[in-house]
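Thanks for coming, everyone. Please look at the screen while I walk through this one.

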Amino acid sequence: MTGDTGRPASPLHQPALHESGYRHATGEALYIDDLPESPGMLVGLMVCSPHAHARILRRDASRAREVDGVEGVFFFDDVPGNNLIGAIRQDEPLLAEEEVHCRGQAVALVVGASYEACRAAAAQVEVEYEVLAAVVGIQEAIAQDSYLFEPHVITRGDVEATLAAAPVRIEGELESGGQDHFYLETQVALALPLEDGNIHVYTSTQHPTEVQHGIAGVLGLGSHKVVCEVPRMGGAFGGKESQATQFACLASLGAWHTGRPVKVRLDRDTDMISTGKRHPAWSRYRAGFDDEGLLLALDVDLYFDGGWTTDLTGPILARGLFHLDNAYYVPALRFEGRACRTNVPSNTAMRGFGGPQGMLVVEEALNRVAERLGLDPAEVRHRNYYGGPPRNLAPYGQEVTEVRIHRIHEELLRSADYVARREAISTFNGSSTWVKRGIGYQPVKFGISFTKSVLNQAGALVLVYADGTVQLNHGGTEMGQGLHTKMLAVCAHELGVPMGRIRVMNTATDKVPNTSATAASSGSDINGQAVREACTIIRERMRPVAAGLLNVGEAEAGRIRFEDGHCRLTQHGSVSFEQVAQTCWLKQVSLSSTGFYRTPNIWYDQAKGRGKPFHYYAYGGAVTEVEVNGLTGEHRVLRVDILHDVGDPLVPSVDRGQVEGGFVQGLGWLTCEEMLVDETGRLLTVGPSTYKIPTYGDCPRDMRVRLLERARQSSTLYGSKAVGEPPFMLAISVVTALRHAVASFGPPGMEVDLALPATAEALLRAVEEIRARTVHPSKGGTQPGVAE
């Protein structure tokens, strides 16, 4: 590809294939379970608790150890170091000690020559339990005052006085369910014992440094004795940010005791039963509006089901609170978040990291006030956007700058022909008795940075060889999202070499230490800056050598362009990058460098509920049209129009894929992925037969995605923006569209009671409830202040 001048263009800001796309399609891409098996390799299998809460009275593995092919059965007292692991607090036993606290908690590890032998031995492990009372669900946790930590509170203004004076008040409760990550590759780790007590672990994790620390602690080693390497992941979505540590530690424990390689790989059922999910949430809210739908005050109690240990619940709950405002200015507010301690697997990071659960609350209030006042929900949202002072301060005091939601609103509603389509839907619904259509618009404002501020840092290591080829190491991990593709583009741009001459290495803790998780949508932002710095250092070392080869002085050296595998200077010709690299070697010039980046000016004081937790905000908008069958509750997504702000995209084809995938995953959470747990803490929706992720037939029949143009962001990597998580919340437009369709089964002015996820059963109940109120107004057919 060449630019307007005829010179080769940089790969930055250009569409490109995913660097492993062909390998994914052909099966050549290697995941941990595809790696060649070392001689004598063993496998590990967990023995898990069948109870949500119980005291362990007795353990006996003597019969299990006699099973042919079994090399060992290990309990907590076989851990040579610290049995406690944890991302923030070390409060999770690797193997249960005196009690078990959820179904699926690991009690023992069986290691053997085959899974068949391990399963046979696991059946012979004797564990005697005394069943104890369990806390299951948010309501039971509230009743029993069972919490993981103290409340997190954010306030502004006099919310009680403002609510009391508000012309329109909305009160309600909202529940949103959990969501399984359902990555294609389940949790897996392969531990290889090495000489002198060292260990090398292949781990499917978003956070290799956390896994390294966990293994070192469990084995009683220094981190220098442990190398964690991530080849690639077959999906993660947050589920491998903290929870991959346990399985890598178990594999390492088995390798430590047997002196042989050990692989721990979960089957789908065990993965779903034993690992955490998106946090189920329940909120109680009060909202005050004026007669035109302008939000005056919002009071929210937000509860997350954290499960039995802390995991990442603190920062996840914080992000939930930070996004209760979404794109809207709230003059007076009180947001209080509580994390419930329950007897289910510890819930954890999931795309959006608590933001979607928070955002749903304000969107519910806006939808209800629009329904009550007979207003277009899109117009109500428009009236409440952030703007100029004083409507430019987030609830926690951060100034909301470079606000693009007004532009997105105007451009998207025009390109989606929203007004005309809404009128056409009204006409259609008037002539259709049992099938109704609806349309919804959803804006998104999403803060970009880790809410645990210390994680906003990244490193890189770049090596240039004498033949001009490059090895690129960085602290981010590839899980299919295209991070390596973007880092290749950054490296190729800065060094001016073709992407085919650069090899991205597996992420490993012996190349880049002290990495942060690839999460919070910040993988490209922070790792890209580190790669950029490392490449810049090397390029500037090469520049005077290139100048010498071009026979120009120091004054001219600064104008040398590194591009297309050459070092060029107008009117002086060019030399190949390979020749310059070879000459650097001959002249003893270093051709390797580390790079480092920390996000500037990020801080938050939780005690005060004030700070600047985000480097910037990403924006987006979606218009969704649906069709609902009032006899069956089935629905179809007919069309989706999306306009999303990714700044000046590093690789627009990758970003477009993230927008599409994020929307569909959000669609699943809100419509079909119903996670059910019974009163004993047993997960009922295990496997794809009972847990329904979106299929091709659930996807929008017509999906139109555009990236916002002329949207370069200041103070970011080449003007780009993060894209991983924000599009997930665009799917809330589906809920607004479904509410519109359901409301059409009754007269105007009816507030819709729609449970989430909006399954066929939930939709049918909502339709029947609307029809019942229409037939029997005494059941709530009219709303206060709205004439029949």
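This is a predicted model.

Find F74 on your screen: L109 in β7 stands opposite.

Now a parallel case. Strand β30, residues 635-644, pairs with β31 in the parallel sense, over 6 bridges. H644 has L707 in β31 as its bridge partner. How does the chain cross from β30 to β31? It goes through helix α18, residues 652-671, and this β-α-β crossover is right-handed.

Follow the chain past β31. Between β31 (702-707) and α19 (732-743) there is a loop, and Q713 lies in it. Is Q713 buried or exposed? Its relative accessible area is 6%. Buried means under 20%, so Q713 counts as buried. The side chain of Q713 makes a polar contact of 3.3 Å with the side chain of K721.

Next, a helix. Take α17, residues 577-586. Which of its residues are buried? F577, V580, A581, T583 and C584. Why do they line one face? Seen down the helix axis, the buried residues of α17 fall within an arc of 165°, so they line one face of the helix. In general, an α-helix has 3.6 residues a turn, so residues three or four places apart point the same way.

What do the buried residues of α17 pack against? Among the partners are the helices α14 (483-495) and α15 (523-549), and the strands β19 (457-464) and β23 (561-563). The face turned away from the buried side carries W585 and L586, both exposed. After the helix comes Q588, with a positive phi near 60°.

On to the cores. The largest nonpolar core has 105 residues. F289 and Y441 have the most contacts inside it. Not counting residues up to four places away in sequence, F289 touches A166, P167 and V168, among others. A second, separate core has 52 residues, including L455, A460, L483 and A530.

Last, some backbone details. Two peptide bonds to look at are cis, with omega near 0°. One runs from P389 to P390. The other runs from L756 to P757. P390 is in the loop between α11 (377-383) and α12 (405-415). At 58% relative accessibility, P390 counts as exposed. P757 is in the loop between α19 and α20 (760-775).

F237 has a phi near 60°, and D311 has one of about 50°. F237 lies between β13 (226-230) and α7 (244-258), in a loop. D311 is in the loop between β16 (295-307) and α9 (313-322). How exposed are they? F237 is partly exposed, at 31% relative accessibility, whereas D311 is buried, at 5%.

That's the tour. Any questions can come now.

Key: Residues are numbered from 1 along each chain as its sequence is written. This is a predicted model: local features need pLDDT of at least 70, side-chain atom pairs count only at pLDDT 80 or more; totals for chains, interfaces and linings use all residues. Side-chain values use heavy atoms; hydrogens and water are left out. Helices (H or I, at least four residues) and strands (E, at least two) are DSSP runs, numbered from the N terminus. Buried means under 20% relative accessible area, exposed over 50%, partly exposed in between (1.4 Å probe, protein chains only). A polar contact is a pair of N or O atoms within 3.5 Å; within protein, one must be able to donate a hydrogen and the other to accept it, and residues adjacent in sequence count only if both atoms are side-chain atoms. A nonpolar core is a set of buried Ala, Val, Leu, Ile, Met, Phe, Trp, Tyr and Cys residues joined through side-chain atoms within 4.5 Å. Contact means heavy atoms within 4.5 Å. The arc is that of the directions from the helix axis to the C-beta atoms. Two strands pair if DSSP finds at least two bridges between them. A crossover is right-handed if, with the strands pointing away from the viewer, the path from the first strand over the helix to the second runs clockwise.
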